[in-house]
Structure formats: structure tokens, C-alpha cells
Amino acid sequence: MGSPGDPFASALPGSPELLRSVFRRHAAGVAVITSAHGDRPVGFTATSLNSVSADPPLLSFTTGTGSSTWPALRDCDHLGVHILGEHQRELAGLFARSGADRFGPGTGWSRGPYGVPLLDGVLAWLVCRVVARVPAGEHRVIIAEAVVGDPAGQGRPLLYHQGRFNALRD
């Protein structure tokens, strides 16, 4: 894109590969989003969680419309947001794996407010009311308002960086 010595010489045109490459360098916190689809709990690992507004208390995350959890998220009124600790790498991997039994015997959870599945041992959790589902390519940006939660879990946050779950280093 430029002449030798040009700081933009290695720049690439916008593409899915460029976006993935750039975001591999972006460390993100790891969350698990849960909901219920009928009586069945569903959930997935998300690294796209963002605070949107403090007043009202809004957050957002994205999900693919082809994912196994999309039907539940499309139809639910409430969902759970769980901030994972570094001791929960296996849990993050389980909820990231397609076809896994995410709520099997090895997963500690219970039904919380509004019937939302809440995971045990997380750093923090929220139950949120869905306020918008915004189309964004093959995904939807879910915007939800926190209605109840608990920030009192113990430990340090789990991070996702360079395609792996990592611990925070000082």
C-alpha cells in the first residue's frame, strides 16, 4: 500500500481474515451466556461482552444466527451473564465446544431468577432482560438490561488471547 519505509506498507485490505487476525491480539474477558429453551438450559462462551450504559445498566454481546443457542436467545425474555475466573478454563472450553453436553453432571448450576440457568463458582453473574436484538451480518447484537446479579465471586478473571484461554499476569 505504500513505498519502502512506509509505516503502512504491511497494511491489508478489510476482510474476515484481517478482522480475525487483529482480534487475536485483543485480550478479552471470558463470559458464559445462558438461557432456557423451554425446560432445557442452553449456553455458550462469549468474548464479545461489553458494557453499554450505566444508567440504565445495559450490556451487549454478539451471537451467530447459525449457533445452537440462537433459537433460545431469539425467543427469551431473560438471560444470564457469567464472568469466568482463571480457574474455569475447562468450563469456558466446554461452553465453547459445539455439540458438548454443557449442562451435564460435571457442570454446577441452578435455576435463578426468571428461570435463568446460573453457573456455580463464577466471579460475577447477572440476570438480564433482553431489550434489543440488532442484526449485524450473520450475527445479532443482543442488548440486555441487568435486573439482578452478584459481583462477589472470588478469584482473578479468565482472558481469551491468541486463540487460547489465559490467566491474567501482573
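This is a predicted model: local features need pLDDT of at least 70, side-chain atom pairs count only at pLDDT 80 or more; totals for chains, interfaces and linings use all residues.
**Charged pairs**

Side chains of opposite charge can pair when their charged atoms come close. In this model the count of such salt bridges comes to three.

| Pair | N to O distance |
|---|---|
| Arg 74 and Asp 75 | 2.9 Å |
| Glu 86 and Arg 156 | 3.8 Å |
| Glu 145 and Arg 129 | 2.7 Å |

Which parts of the chain does the pair of Glu 86 and Arg 156 link? Glu 86 sits in the loop between β6 (78–83) and α3 (89–96), while Arg 156 belongs to the loop between β10 (139–150) and β11 (158–161). The two residues are 70 residues apart, so this pair links distant parts of the chain. Glu 86 is partly exposed at 28% relative accessible area, and Arg 156 is partly exposed at 30%.

Arg 129 is partly exposed, with a relative accessible area of 34%. As for the pair of Arg 74 and Asp 75, Arg 74 is partly exposed at 41% and Asp 75 is partly exposed at 47%.

**Cysteines without a bond**

A disulfide is a covalent bond between the sulfur atoms of two cysteines. How many disulfides does the structure hold? The number is zero.

Now to helix α3. Its residues Leu 91, Ala 92, Gly 93, Leu 94 and Phe 95 are buried. What covers the buried residues of α3? The cover includes β2 (31–37), β3 (40–46), β8 (117–119), β11 and β12 (164–167).

Two of these, β11 and β12, belong to an open sheet of three strands in the order β1-β11-β12, with antiparallel pairing. Its edge strands are β1 (28–29) and β12, each of which pairs on one side only. Four bridges join β11 to β12, and His 161 stands opposite Arg 164 in β12. Helix α3 lies across β11 and β12, running at about 160 degrees to β12.

**Nonpolar cores**

In soluble globular proteins, nonpolar side chains tend to be buried together. The largest nonpolar core of this model has 16 residues. Those touching the most other members are Val 30, Leu 84, Leu 91, Ala 92, Phe 95, Leu 119 and Leu 158. At least two residues of this core come from each of α3, β8 and β9, and α3 gives the most, with four.

Leu 84 shows how such a residue is surrounded. Beyond its neighbours within four places in sequence, Leu 84 has contacts that include Val 30, Leu 91, Ala 92 and Leu 158.

A second, separate core has 14 residues, among them Phe 44, Ala 46, Trp 70 and Val 130.

How values were computed
Residues are numbered from 1 along each chain as its sequence is written. Side-chain values use heavy atoms; hydrogens and water are left out. A salt bridge is a side-chain nitrogen of Lys or Arg within 4 Å of a carboxyl oxygen of Asp or Glu. Buried means under 20% relative accessible area, exposed over 50%, partly exposed in between (1.4 Å probe, protein chains only). A disulfide is a pair of cysteine sulfur atoms within 2.5 Å. Contact means heavy atoms within 4.5 Å. Two strands pair if DSSP finds at least two bridges between them. Axes are lines fitted to C-alpha atoms, for helices over the stretch in contact, and angles run from 0 to 180 degrees between N-to-C directions. A nonpolar core is a set of buried Ala, Val, Leu, Ile, Met, Phe, Trp, Tyr and Cys residues joined through side-chain atoms within 4.5 Å.
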